[in-house]
Amino acid sequence: MKVLILEDAGAAYDRAAGLIADEITANHRAVLGLATGGTMLPIYERLVIRHRAGLSLSGITSFNLDEYVGLAPEHPQSYRSYMRRALFDLTDIDPALTHLPRGDAANPMVEAERYEDRIRRAGGIDLQLLGIGRNGHIGFNEPTSSLGSRTRVKTLTRQTREANSRFFGPDETVPAFAITMGVGTILDARQCLLVATGDDKARAVAAMIEGPVSAVCPASALQMHPKAVAVLDRPAASALQLGDYYRHVHPDGSEREIR
Ligand code: GLP
């Protein structure tokens, strides 16, 4: 895994947005895997700024990682609404080419299979953007998720529901289930870009990069991916044993020329 440690969170978001913009520039018809959560908001803000400066997303197809079961797309706390507010409504991306699982599907299990099939029919994902949960989840693949799993329904942990309750009103309950791409679905992406900032992610980040590959930390499956990049700020990188080495290989998150 390529580990890029940036000076602060702002620099990490800049770097991540730059890598996504490079992918879009290189391939106007790229298939992007998108993510939600607090970490992604400043990254999407930066992409919107780049869009206003000329970056077009009009040919881009997108597949989000996950959606809460029970929430219709129009629900303000659905991930579809999040994506509209953060990116879709603020750029020229074609809404018909944006995909999220339908949280209100009559049969979420069938919806999960349909979603997996749509990703396959789109030719797979070129670049998958990822955050990480404090317990090491990616998408909504909670600890002990099969590392070969495909898109399916998962029960959320209490910890994840508590962490995500900040996006819900005081009298709203966080859904108990989600449809999420599986770990195997994520590993099929041709590139993975995981972004983590803040010291509350430090333990999960260390387990992901330097721990054993284990279903207890689903993000550790990225160690098996041939083209995975972790973009971190210093606090998120603070529990890494080999931090000096990563900084030596990529000073300030840069690519070093090999002579
Ligand atoms: C949710 C999402 C994940 C995301 C995680 C961390 O659970 N399903 O994709 O990585 O939150 O979010 P945050 O960036 O808010 O810490």
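**Exercise 1.** How much space lies in the largest pocket?

*Solution.* This is a predicted model, where local features need pLDDT of at least 70, side-chain atom pairs count only at pLDDT 80 or more, and totals for chains, interfaces and linings use all residues. Residues are numbered from 1 along each chain as its sequence is written, and side-chain values use heavy atoms, with hydrogens and water left out.

Step 1. Define a pocket: on a 1 Å grid over the protein atoms alone, an open set of points where a 1.4 Å probe fits, with protein on both sides within 12 Å along at least five of seven lines. Lining residues have an atom within 4 Å of a point.

Step 2. Read the volume, the space filled by probe spheres set on the points: about 410 Å³.

Step 3. List the lining. It has 26 residues, and Thr-36, Gly-37, Ile-132, His-137 and Asn-164 lie nearest the pocket centre. H3 and helix H5 (158-164) each give two or more residues. H5 gives the most, with 4 residues.

**Exercise 2.** Check the length of helix H2 (residues 40-52).

*Solution.* Step 1. Helices are DSSP runs (H or I, at least four residues). The expected span is 1.5 Å times one less than the number of residues.

**Exercise 3.** Which residues of H2 are buried?

*Solution.* Step 1. Buried means under 20% relative accessible area (1.4 Å probe, protein chains only).

Step 1. Met-40, Pro-42, Ile-43, Tyr-44, Leu-47, Val-48 and His-51 are buried.

Technical notes: Buried < 20%, exposed > 50% of the residue type's maximum accessible area, 1.4 Å probe, protein only.
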